[in-house]
Amino acid sequence: MTTEFQNMDLAKGHPIQNYLDETLLIQSIADNLIQVDINNDFQRFYNLFNQLATIEKRFERKENQLFPFLEQKGWTGPSQNMWSFHDIIRQIFRIVRQNIENKNLISAKHNTELAIQNINRLLEVEETVLFPNALEILSDDEWKVMRKGEDEIGWMLADVPPNFPNEPEYIHPSQDTEKRTDVVFDEKAAHYDEGYMTVEQVNLLFKTLPIDLTYVDENDKVIFYNRGEERVFPRSAGIIGREVRFCHPPKSVDTVLKILEAFRKGEQNEASFWINYKDRLIYIRYFAVRNSEKEYKGVVEMSQDITDIKQINGERRLLEWN
């Protein structure tokens with residue numbers, strides 16, 4: 001059903017318009033999915049379910065783009081409450097996949113309908129509370145910046161939405177060779193602990209490392225993350241300057257805050273975890289950052305997909321590219 005809010009006259013490519021276009025797609029997929037006879041047409045059910053599961057991209061855009069901008073305006077409710085709603089739907093999706101793996105089609109159908117009920121409730125809250133308030137709170141300039149950051153995460157839509165407004169196409173950092181005129185660049189390499197590198201070389205180094213790095217300063221604000229070709233967890237420019245407690249799902253916030261406090265007091269210097277994420281084994285480590293005077297200067301989070309590393313045994317001494 002098309003709502004009055006969906007008929008709003010927003011420019012193509014506006015982040016909210018992109019959400020509304022996705023809403024129509026979600027409703028269409030959900031309607032078709034409910035009508036499918038899973039026993040007689042399992043493949044169609046499975047295809048539609050996988051299409052609906054791409055709603056994860058919508059969740060990630062909200063969590064990494066929309067919510068940070070709202071936090072900057074003092075509205076933290078979506079980060080604290082709606083993120084939990086996202087996690088509930090994610091959990092139901094995982095249960096459905098387990099049902100399918102166990103060939104329990106009756107439960108798969110039932111839990112899929114439960115997921116759709118929760119999604120419909122979420123869409124209603126978005127269109128009656130989240131989106132209207134966001135349009136009132138945020139300026140056009142902020143929507144423009146948000147739209148640029150969305151490219152790194154993606155959409156459920158088959159076609160990439162247009163830029164907002166009509167601006168040059170997004171350029172990946174590795175292809176951005178234009179020298180800025182609003183800052184002064186040191187033309188000579190800088191001296192690090194051991195060796196010399198230019199700023200370009202430092203950026204290339206961070207981009208090439210096969211790990212996710214995020215640096216949180218002593219004030220618990222995110223000040224850096226590396227842009228690898230294949231990140232374990234999505235990041236976008238909206239998290240820079242964001243409080244770290246808003247960068248994790250609500251269920252893990254207490255653990256993160258406990259780590260930060262122990263690091264700040266000098267009680268601990270490292271914390272490690274490993275989890276199964278999208279059928280991959282992920283190793284997550286936190287390291288306290290201290291200066292030469294042992295003063296606390298923040299924390300570095302390092303995440304790495306070690307699924308393939310865990311399979312290594314024996315030795316390889318010859319070059320094997322084929």
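1. The model is predicted, so local features need pLDDT of at least 70 and side-chain atom pairs count only at pLDDT 80 or more, while totals for chains, interfaces and linings use all residues. Residues are numbered from 1 along each chain as its sequence is written, and side-chain values use heavy atoms, without hydrogens and water.

2. Five strands form an open sheet in the order β4-β3-β7-β6-β5, with antiparallel pairing. Strands here are DSSP runs of E of at least two residues, and helices are runs of H or I of at least four, numbered from the N terminus; two strands pair if DSSP finds at least two bridges between them. At the edges are β4 (222-225) and β5 (270-277), each pairing on one side only.

3. Strand β3 (residues 212-216) is joined to β4 by three bridges, and the two run antiparallel. Val-216 stands opposite Val-222 in β4.

4. Helix α4 (residues 77-101) packs with α5 at an angle of about 160°, the axes being 9 Å apart. Axes are lines fitted to C-alpha atoms, for helices over the stretch in contact, and angles run from 0 to 180 degrees between N-to-C directions. The angle makes α4 roughly antiparallel to α5 (over 145 degrees; under 35 is roughly parallel, 65 to 115 roughly perpendicular, the rest oblique).

5. Phe-131 lies in helix α5 (residues 105-137). Phe-131 is buried, with a relative accessible area of 0% (buried is under 20%, exposed over 50%, partly exposed in between; 1.4 Å probe, protein chains only). Between Phe-131 and Leu-66 the C-alpha to C-alpha distance is 9.8 Å, and they are 65 residues apart in sequence.
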